[in-house]
Number of protein chains: 2
Amino acid sequence: MISGISAAGTPVRQASLRQHNLRLVLAQIALSSPQSRADVAAATGLTRATVSTLVDDLVSGRLLREVSPAPRSGAGRPGVGLVLNDADGPAGLGLEINVDYLAACVLDLAGAVRHREIQPGDRRGDSPARVLAAAATLAERARLAAEDQGLTIAGTAVAVPGLVSPDGTIRLAPNLGWRDVDASGFTPGPLTVENEANLAAIGELHHGSPAGSASFLYVSGEIGIGAGIVLHGSLFRGARGWSGELGHVAVDPDGPACRCGAHGCLEQYAGQEALLPPGSTVGDLAARASSGDAAALDRLSAAASALGVTIAGVINLLDVDTVVLGGIYAPLAPWLSPGIEAQIASRVLTAGWSPVHVRPAGLGSDAAVVGAAGAIIRAVHEEPAAWLVETSPGTP
Amino acid sequence: MISGISAAGTPVRQASLRQHNLRLVLAQIALSSPQSRADVAAATGLTRATVSTLVDDLVSGRLLREVSPAPRSGAGRPGVGLVLNDADGPAGLGLEINVDYLAACVLDLAGAVRHREIQPGDRRGDSPARVLAAAATLAERARLAAEDQGLTIAGTAVAVPGLVSPDGTIRLAPNLGWRDVDASGFTPGPLTVENEANLAAIGELHHGSPAGSASFLYVSGEIGIGAGIVLHGSLFRGARGWSGELGHVAVDPDGPACRCGAHGCLEQYAGQEALLPPGSTVGDLAARASSGDAAALDRLSAAASALGVTIAGVINLLDVDTVVLGGIYAPLAPWLSPGIEAQIASRVLTAGWSPVHVRPAGLGSDAAVVGAAGAIIRAVHEEPAAWLVETSPGTP
């Protein structure tokens, strides 16, 4: 929805036209660059005069920068080339708080990773305050690394394995043992707190898939199991932002008790602790499966079957055509996919004429933290006018 | 999305402003009427001159009509009152093809039912051609009834219990035994074919609930079980329009065989044939449950439990706050709701602080056919410019 043009019904005004057209010009240059002002005018249908005014604003606001002349297109002398400002423009800071690691990542306006840090360690014994303080330290190091490269952090997004309220309160993160933890101000600057599977799904969406076309279920295997639902290129958050609790969908209503209080939840069949023998790692399990170890293959097959039953239910309900296996499921995909595909083939009503594709996450286990940083960058692309107002020297 | 203003990026043009403002004026009068031109200008922020031009177009296009002076508001003489044209304006024709009945319904622009017909009869032995011919006869009677009242049918929407392609092909309706049935031209005029649970959910959305705010799962119990998913006031169709196959979500992966080829589908536990003793009706079951018959209560309790496990999974996944029981579940809601609510309370991760409301459908078993007719009416409200073009005397 274009800001200022609401279906509920305000008339279209001049300011929203400018916002729309700023976004349009930025999107055009993001699509391929360098381009000249004339190229942008030709591609967007805007007049050259309008494009020039908009580009001037985007250059002075450090969203675009000018480079040596663009390749000649058509008659006349070649214009100055325009590219996304990855030199001294805005950057997105992504953080991930998970049960057994913390991570930070900085992306520039063009989506390139400019800094990354992962800090392993089981956090289940630590207080929320202690974990947030450690995350704040990672964030501070990332901010300094960005500034050293000339970038300005436009905002921070934090991925957490749980349910988050719009005000930044982590309502429930069962596997961290957190309930009603206020994460709204633990690090300075604009801050967004969001479910890790949602951010991982966004990360995956913008990693190599053409924006706007993809519809998929991103399944995030960690200690818990989360899901991010992407439809027609947009994340589907649910009515209150609490969608995707795939780990607590019942595989067998009379199955084993779950930490959440219910019985037979998927997490009990395919979560990290059900899948890995005590003390072992994902790498160990993959290595044993590669060597044909029967016990390892049995564990993977049982988890795949439970995942497949649940995922088939999701596809019957939501009609997505792709399943992306993320988190610990990404490296285990060679052994999990066949069992999941078998359940889909036998249980999804439309599977006969409309195949469902199961694949590992392209970003592997980095998807959530890269997705978090990417969410900040995309917000700048979607509302460039907001960033311009913020950086305008005339604004108090 | 406003037609002509696409996020993919065309500039905003004058024509889309007019379309937007026509819709705005129509929506304002739909909100409360009669209103004068001055009232509409005050409420929308448009100038009186602009409103007058738009209203003239809407009156000559038979979307609005003028009535005796509106109640005086403010200074000056009262203006002519404007109301939605329910006298000789467009009407929506809804049809429903179901396993054991056919139905037709006409709604006027103000959403009032102007004609309704239901034709009971088991259709499982009949060929698709025969069923479509019978539906076409119902449609023709409905059209004549509308024309007798001065109305013009703007389009027809048909609700079917199955998966429909965008081209109007019914890909699969398992309980009718239909596969790849072309329903695109069986009755004259613009025709939309759509899943019955989706149309029922739309019908329910616009029956008494404030548009744009509701998020709910509509569960349609018939021979099969379908679902319509409404989020923030919009129907959620899935990537290919085949969402909502709730009846084929597994309750127990090792449960009884289903007509679809899989095992343990919800339909086997809570579909009409599992719920009702052979030869009996929903009325019989409700009567026996009312009188405390233990066997009837056991049947209802078992179905409620299976429905509850599946619905809890949907809420974990999609985060809706309301479940609407439609079709045969509407009259059985007093006995089904407690069992469904118990499963939600124990299985939905957010249930503790975010209650989920289970209620019967307000339109009862008419929801699909009323929703079908309503879909046509809403299309006129959302794109009044399209209707004006169609009815303009100057258009070839």
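One caution at the start. The model is predicted.

Let's begin with symmetry. Two copies of a chain are related by a rotation about an axis and a shift along it. Here, chain A goes onto chain B with a turn of 180° and a shift of 0.1 Å along the axis. The RMSD of that superposition is 0.1 Å. So the copies are related as by a two-fold rotation axis. Which C-alpha of chain A is nearest the axis? That of A:Asp252, at 2.8 Å. Both copies use the same surface: 100% of the contact residues of chain A recur in chain B.

Next, aromatics. Searching the whole structure over all chains gives one aromatic pair. The partners are A:Phe236 and B:Phe236, with ring centres 4.4 Å apart. Their planes stand at 40°, so the pair counts as tilted. Buried or exposed? A:Phe236 is buried, and B:Phe236 is too.

Now the empty space. Rolling a probe the size of a water molecule over the atoms shows where empty space is left. The count is seven cavities of 30 Å³ or more. The largest cavity holds about 200 Å³. Its lining has 15 residues. Closest to the centre are A:Val249, A:Gly313, B:Val249, B:Thr310 and B:Gly313. Which elements give two or more residues to this lining? Helix H9 (294-318) of chain A and helix H9 (294-318) of chain B. By class, the lining has 11 nonpolar residues, four polar ones and no charged ones.

One more contact across the chains. B:Thr350 lies in the loop between helix H10 (329-347) and strand E15 (357-360) of chain B. Its relative accessible area is 5%, so B:Thr350 is buried, the cut-off being under 20%. Beyond its sequence neighbours within four places, B:Thr350 contacts A:Leu163, A:Arg240 and A:Trp242.

On to backbone details. A cis peptide bond joins A:Ser33 to A:Pro34, with omega about 0°. Another joins B:Ser33 to B:Pro34, again with omega about 0°. A:Pro34 is in the loop between helix H1 (14-31) and helix H2 (37-44) of chain A. B:Pro34 is in the loop between helix H1 (14-31) and H2 of chain B. Stay with H2 of chain B. Its buried residues are B:Arg37, B:Asp39, B:Val40, B:Ala41 and B:Thr44. Just after this helix, B:Gly45 has a positive phi of about 85°.

B:Arg62 lies in the loop between helix H3 (48-60) and strand E1 (64-67) of chain B, and is partly exposed at 27%. B:His232 has a phi of about 50°. B:His232 is in the loop between strand E12 (225-231) and E13 of chain B, and is partly exposed at 45%.

Last, back to B:Arg62 through a contact. B:Gly89 touches B:Arg62, B:Leu151 and B:Thr152, leaving aside neighbours within four places in sequence. B:Gly89 sits in the loop between strand E2 (81-84) and strand E3 (90-97) of chain B. It is buried, with a relative accessible area of 0%.

Definitions and conventions
Residues are numbered from 1 along each chain as its sequence is written. Chains are lettered from A and ligands numbered from 1 in the order in which they are written. This is a predicted model: local features need pLDDT of at least 70, side-chain atom pairs count only at pLDDT 80 or more; totals for chains, interfaces and linings use all residues. Side-chain values use heavy atoms; hydrogens and water are left out. Rings of Phe, Tyr and Trp (its six-membered ring) pair if their centres lie within 6.5 Å; planes under 30 degrees apart count as stacked, over 60 as edge-to-face and the rest as tilted. Buried means under 20% relative accessible area, exposed over 50%, partly exposed in between (1.4 Å probe, protein chains only). On a 1 Å grid over the protein atoms alone, a cavity is a set of points where a 1.4 Å probe fits but cannot get out, and a pocket is an open set with protein on both sides within 12 Å along at least five of seven lines; lining residues have an atom within 4 Å of a point. Grid points are joined across faces, edges and corners, and a volume is the space filled by probe spheres set on the points. Helices (H or I, at least four residues) and strands (E, at least two) are DSSP runs, numbered from the N terminus. Ala, Val, Leu, Ile, Met, Phe, Trp, Tyr, Cys and Pro count as nonpolar, Asp, Glu, Lys and Arg as charged, and the others, Gly among them, as polar. Copies are superposed by least squares on the C-alpha atoms of residues with pLDDT of at least 70 in both. Contact means heavy atoms within 4.5 Å.
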